[in-house]
Every structure is written in structure tokens, then in C-alpha cells.
Amino acid sequence: VPGDESAVNEMQIVLFRDGVLYASASSDEATHDLTVSPGTYDLYAFVNDPADWHSRPDLTEDMIMNSLSSYSDNSLSSFVMFGHSPSVKVDENHPSATIHVDRLMSRIVLENITADFSSNPRYKGCSLIIRNIYITNAIGTCPYSLMPASSPSSTGVWYNRMTPEDCPENIKAMTADKGLDITIPDGSSKNVGRVYYAYPNGCVSDSDSDTWQARRTRVAIEAVLDGKECWYHITLPSMEPNASYVISNCTIKNLGGKT
């Protein structure tokens, strides 16, 4: 189920002038009035972010850019967003400013699944039954620099490492559809229309090792074919924040793996 990707439930803004913290505020609205002297400012905005940014007197711009947001701070009704507008001039001719914000989250869409066993005599005529669809290898943090690490640490926070793991309910809602019963007859397609959310996994390399190590995020399809449980995995590319990865169609032609 798609989340409310544009909801602004709470906003914090922070202003720096000449590299020094100048002013900050919070609001339940998407706009906020803040009185400042004429000058040039670096502006930062945090939306739906439970971290306390606006009341930290020691805050610096480096601290912001070197910080990590937690995937668990998101939900389908509240996505963390962040924006930075450098060198914004404020004076009588420019009395207001706009800070563009981006979701830290990546969106993953699986539109259609096709069963095609026409060239497979063992399963020709069989129907594929989809039981569960979920995301594996979901990284647990995203830098506010919006530049995910290309070689993230295996010992960092991850969810569903290679297989479903116990995790908070808000993460389950963003990463899994369980208890499905979708039958796809041989030679037909089914629009499953599934949407998932994960923090951007910047892994450039990948791994299929049975031992956990950092690897790319995958979409896993758990199914039954001819009475046999099986799994199909779709590996996503190196991911970026606020980007969509759309799988328009997944064609299945054989029995999947055992996990």
C-alpha cells in the first residue's frame, strides 16, 4: 500500500550565518515565520524527523551533514525529509525563502508478475501461487548528506538480512506483504501493484554468500509451484534517496530456489 509520501506532520528549520548558528524553530505547518536581520544564510529543514535539531545550541553544519537518520523513524504516514538551501539572501527585496526537501526513503514498486512455463515441460500448465512478497537487506540508516555509502558496513543496522527477521511494526508495514493468496495461471500475468519503502542501499558490489555480509537490497517473492515452496529474488541496483525503482514485470519460468 503506498504511503502518504507528501505528509508534513512536523517541521524544524535551522539557519546559519557565516558558519554560526543564527536561529531555529519548529512548526506543525509546512511554512513558518521567523524574523531575521538582512543577510545571507544557510538554511536547513527537517520534516517528520523525531531528532531534536532546533533546540541544540551547539549545532553546526558539519554535525548535520555527518549525522545519520534512522530508518525506524519512518512510517507509512510519516516519511523523514531533509533539505538544505545554501547562501540564501534575505532583505527587503527577498523577504521569504523556500527550502526544497527530499524524502530520504527510496520507493520500490512491483507492478506485475507473469507465469510463463511454455518452454518448461515439467511445469507447463501449472499455476503459480504467491504467498508473501517482502524486501530483504534493508539498510537501517541514511546520511543527511544524501550520499549513501558505496561499501556500507556489515555490522551496521540492517533489517531482514537475507531473510525476514523480527523488526518493528512500522518497518514490517513498509517492507512486507504477508499472507497473500495470488494465483497466476500459466501463460497469464497478474497486476500485484505492491509498493515498499527502504532507505537507500548504496552497495556497489553484491554478495550471495550464505554468511551475512553487506549486500544489495532485494525483492523476495515466496511462492508455491506444483505443490513446492520456492523463492524468487530480484536484486535492486545501487540505490539513491528520494528515487523510485519500478519493476514493471517479473516473468517466472521455472521453480525458484529453496530460500
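Predicted model: local features only at pLDDT ≥ 70, side-chain atom pairs only at ≥ 80, totals over all residues.
Two strands count as paired if DSSP finds at least two bridges between them.

Strand S15 covers residues 218-225, and strand S16 covers residues 228-235; the two pair in the antiparallel sense over eight bridges. Within this pairing, Ala223 has Cys230 of S16 as its bridge partner.

S15 also pairs with S8, again in the antiparallel sense and over eight bridges. Here Ile135 stands opposite Val219 of S15. Eight of the eight residues of S15 are buried, so this strand is largely enclosed by the rest of the structure. In a regular strand the side chains alternate between the two faces of the sheet. For S15, one side carries Arg218, Ala220, Glu222 and Val224, while the other carries Val219, Ile221, Ala223 and Leu225. These residues are all buried, and both faces of the strand are therefore covered.

Strand S8, residues 128-136, contains Asn132. Asn132 has a relative accessibility of 12% and counts as buried because the limit for that class is under 20%. Leaving aside neighbours within four places in sequence, the contacts of Asn132 include Ala220, Ile221 and Glu222, which are among the buried residues of S15. Asn132 is also in contact with Asp177, Lys178, Gly179 and Leu180. Lys178, another contact of Asn132, lies over the face of Tyr134, at 5.5 Å from the ring centre.

Asn74 is found between strand S4 (68-70) and strand S5 (81-90). Its relative accessible area is 1%, and Asn74 is buried. The side chain of Asn74 makes a polar contact with the side chain of Tyr199, at 2.9 Å. Apart from neighbours within four places in sequence, Asn74 is in contact with Phe79, Val80, Met105, Asn170, Met174 and Tyr199.

Five strands form an open sheet in the order S2-S1-S3-S5-S6, with antiparallel pairing. Strand S2 (20-27) and strand S6 (102-103) stand at the edges; each has a single partner strand, so one side of each is left without a neighbour in the sheet. Further in, strand S1 (residues 11-17) and strand S3 (residues 39-47) run antiparallel and are joined by six bridges. Val14 stands opposite Tyr44 in S3.

The structure holds 13 aromatic pairs. In one of them, the ring centres of Phe46 and Trp53 are 4.5 Å apart and the planes are at 10°, so the pair counts as stacked. Both partners are buried: Phe46 has a relative accessible area of 0%, and Trp53 has a relative accessibility of 4%. The two residues belong to one aromatic cluster, formed by Phe16, Tyr44, Phe46, Trp53, Phe82 and Tyr144.

Methods:
Residues numbered from 1 in each chain as written. Heavy atoms only, no water. Helix = DSSP H or I, 4+ residues; strand = E, 2+ residues; numbered from the N terminus. Buried < 20%, exposed > 50% of the residue type's maximum accessible area, 1.4 Å probe, protein only. Contact = heavy atoms within 4.5 Å. Polar contact = N/O pair within 3.5 Å; in protein donor to acceptor, adjacent residues only side chain to side chain. Phe/Tyr/Trp six-rings, centres within 6.5 Å; stacked < 30°, edge-to-face > 60°. Lys NZ or Arg CZ within 6 Å of the ring centre and 35° of its normal.
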